[in-house]
Amino acid sequence: MTMERIQLAHGSGGKLSHDLVNQVMWPAFANPILGEMHDGARFSINGAGLAFTTDSYVVKPLFFPGGNIGKLAVCGTVNDLAMTGAVPLYLSAAFVLEEGFPLVDLKRIVDSMAETASRAGVQIVTGDTKVVEKGAVDGIYINTAGVGQIRENVNVSGCQARPGQDIILSGTLGEHSIAVMSERHGLVLPETIVSDCAPLNGLVEQILSRVPQTAVLRDPTRGGLATALNEIAEQSQVGIMLEETSIPVQAAVRATCDILGFDPLYLANEGKMLLFVEPEYSSQILEIMHGHPYGRQACVIGSVIGQRPGQVGLSTAIGGVRLLDMLTGAQLPRIC
């Protein structure tokens, strides 16, 4: 990392975020639990397997088609716990408020958090509120943390990708980023483009209760599908090959990306997940997902290969192969 000051792209979830963690945070905080580089920490207390995670939300604008910063905060933390194989249980919520922030907006956000937590079956059990001078923050920032219990006989990890496994994606890419971007810039887009922001723990519960052999779970949020798969390829030291024609993207999202120069493979999603499984379980998992509201468009998008460890390739519609790196720069900053 050669830059001497923090850039917006350091928060994009892409290569600069990766470098920032590896070169600044990791050397200071290194320990075996953090070393798993999971969506949340996994550890054991008195024999009970637990997961713990935290995230901060600075999305701009605060309200967007399909959600708001409060719904996003609850879904994000619930999903991070779910991706560790845990049953999410309890959340915290900490607010940093700008002096002058409308109470009516705060109530809308808090009510949305309560409704989303209820839908996900979790409780918000502690929190904090700070108010800072006008101009010190952009309205409201929210931090949420969460605790969950790891299911018995389940061990999902980004280190467990193995050659021959199928890669399943739960649905279409890019709606969250495009919905936020359209609201931010006042663009009029098709009504079908709304954020996919949703709690995935119910779907994960159904899958892991019937297919505990699932090897990897990951939600492709900041940095999108390509960055999430690069992280897994690096952690497991395997290659990954995707089929471009198998990756679902709404026609309206693809058209918007073509016009504005975005790549849907790098756009953030807040209600999608990736699964790595041995091929004999793929049909069973797809059947489960197709019966759930958040997995109806699930499909196999590629597989793990034994060649090119640490790299992700895309077999294109015209017969070539494109190498997908982590996101560099920031396609859309402050997206979550």
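Guide: A salt bridge is a side-chain nitrogen of Lys or Arg within 4 Å of a carboxyl oxygen of Asp or Glu. The model is predicted, so local features need pLDDT of at least 70 and side-chain atom pairs count only at pLDDT 80 or more, while totals for chains, interfaces and linings use all residues. Residues are numbered from 1 along each chain as its sequence is written, and side-chain values use heavy atoms, with hydrogens and water left out.

Lysine 272 and aspartate 196 form a salt bridge, with N and O 2.9 Å apart. Lysine 272 sits in the loop between H8 and E11, and aspartate 196 in the loop between H5 and helix H6 (201–210), 76 residues apart. Helices (H or I, at least four residues) and strands (E, at least two) are DSSP runs, numbered from the N terminus.

Lysine 272 also meets glutamate 175 in a salt bridge, at 3.8 Å from N to O. Glutamate 175 belongs to helix H5 (residues 175–185), so this pair ties together parts 97 residues apart in sequence.

Buried means under 20% relative accessible area, exposed over 50%, and partly exposed in between (1.4 Å probe, protein chains only). Lysine 272 is buried because its relative accessible area is 7%; aspartate 196, at 11%, counts as buried. Glutamate 175 is buried too.

Elsewhere, salt bridges with shared partners join Asp39, Arg218 and Glu231 into one network. Within it, the closest N and O atoms of aspartate 39 and arginine 218 are 3.9 Å apart, and both of these residues are buried. In the whole structure, a search finds 13 salt bridges.
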